[in-house]
Amino acid sequence: MKLAIIGSGRIGKSLGGWAAASGYDVVFAARDEGHAREAAAAAGHGASAASAGEAVKDADLVLLAVPYRSVEALLGEIGPRLSGKTVIDPTNALNPEFNDLVFRDTSAAERIAALIPEAKVVKAFNTVFARHFEAREARIGGLSMTVVYAGDDAVAKAQVRDLISTLGFDAIDGGPLRVSRDIEPLGMLNIRLSFHQDLGSNIGFALLRKG
Ligand SMILES: NC(=O)c1ccc[n+]([C@@H]2O[C@H](COP(=O)([O-])OP(=O)(O)OC[C@H]3O[C@@H](n4cnc5c(N)ncnc54)[C@H](OP(=O)(O)O)[C@@H]3O)[C@@H](O)[C@H]2O)c1
């Protein structure tokens, strides 16, 4: 499975490296191609670096690991190449003060889907802090963190579910992409508890259930 990681910062580099070690064929991109090359070298396992346009060309899965404010420009550049592809949106669209979401009556994922209507957008991973990807640890205190994903295409969702599960997270299907309106506030709560309530970033969510 070929995974293009667009954005080689904390999330892109760490999630991509973990996926490469787990058998994905990973290619990294960034604005500065040197950062993508560094991520590829750190990842090993055959990972490579390319421009964003080149990286997505043969990809099955594309992770938009860029700040939400960069998404529109990025999609202006590579949007047409994403037709038919599964695009994972892990963004938290925060205001400049980092204390609220920009959208409350829609979601970043739906805004992204509207920009690339031919792509299959799936919301996932926005509720997991980078430190967990960097540590390659999906569990806290013996419990797997839950990643709720949402999207409108069943095949795309199955691909994302596989990635989430392969990394060891508890993958829960949240429903259609509109449910990102519920998932994104969970990411905001995570950030609020971590940074504004001083719980730190070694936290995460797990859905408890019987059976
Ligand atoms: N950090 C977390 O704990 C966390 C947790 C969950 C979700 N998220 C979300 O994940 C996303 C990435 O966060 P991050 O912490 O990894 O950010 P980051 O460390 O600031 O990295 C952002 C990356 O995006 C790249 N980029 C920006 N604009 C681009 C463009 N037009 N084309 C290609 N690459 C571009 C940057 O390229 P350069 O390297 O060349 O500057 C950089 O590699 C954000 O939307 C964030 O809300 C973050």
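**View 1. Strands E1 and E2 pair in parallel in the predicted model.** Strand E1 (residues 2–6) and strand E2 (residues 25–29) are joined in the parallel sense over 5 bridges. This close-up, like those that follow, is taken from a predicted model. Within the pair, Lys2 lies opposite Asp25 of E2. Of the 5 residues of E2, 4 are buried, so this strand is largely enclosed by the rest of the structure.

View 2. E1, helix H1 and E2 form a right-handed β-α-β unit. From E2 the chain passes through helix H2 (residues 33–43) to E3, and this β-α-β crossover is also right-handed. E2 and strand E3 (residues 48–49) run parallel and are joined by 2 bridges. Phe28 has Ala49 in E3 as its bridge partner.

**View 3. The strands belong to an open sheet with mixed pairing.** The sheet contains 8 strands, in the order E3-E2-E1-E4-E5-E6-E9-E10. Its edges are formed by E3 and strand E10 (170–175), each of which pairs on one side only. Strands of a sheet pair through backbone hydrogen bonds, in either a parallel or an antiparallel manner.

**View 4. Ile6, Phe28 and Val62 stand out in the largest nonpolar core.** This core comprises 65 residues, among which Ile6, Phe28 and Val62 touch the most other members. Helix H1 (residues 10–21) supplies the largest share of the core, with 5 residues. In soluble globular proteins, nonpolar side chains tend to be buried together.

View 5. When neighbours within four places in sequence are set aside, the contacts of Ile6 include Ala29, Ala52 and Ala55. Val62, Leu63, Leu64, Ala65 and Val66 are also in contact with Ile6, as is Leu74.

View 6. Gly7, Gly9, Arg31, Ser70 and Thr91 come nearest to the ligand among the 27 residues around it. Two elements, H1 and helix H4 (68–78), each give two or more residues to this shell. H4 makes the greatest contribution, with 4 residues. Classified by residue type, the shell is made up of 15 nonpolar, 9 polar and 3 charged residues.

Technical notes: Residues are numbered from 1 along each chain as its sequence is written. This is a predicted model: local features need pLDDT of at least 70, side-chain atom pairs count only at pLDDT 80 or more; totals for chains, interfaces and linings use all residues. A nonpolar core is a set of buried Ala, Val, Leu, Ile, Met, Phe, Trp, Tyr and Cys residues joined through C-beta atoms within 7 Å. A residue is buried if 20 or more other C-beta atoms lie within 10 Å of its own, exposed if 12 or fewer, and partly exposed in between; C-beta atoms are placed from the backbone. Two residues are in contact if their C-beta atoms, placed from the backbone, lie within 7 Å. A residue is near a molecule or strand if its C-beta atom, placed from the backbone, lies within 6 Å of it. Ala, Val, Leu, Ile, Met, Phe, Trp, Tyr, Cys and Pro count as nonpolar, Asp, Glu, Lys and Arg as charged, and the others, Gly among them, as polar. Two strands pair if DSSP finds at least two bridges between them. A crossover is right-handed if, with the strands pointing away from the viewer, the path from the first strand over the helix to the second runs clockwise.
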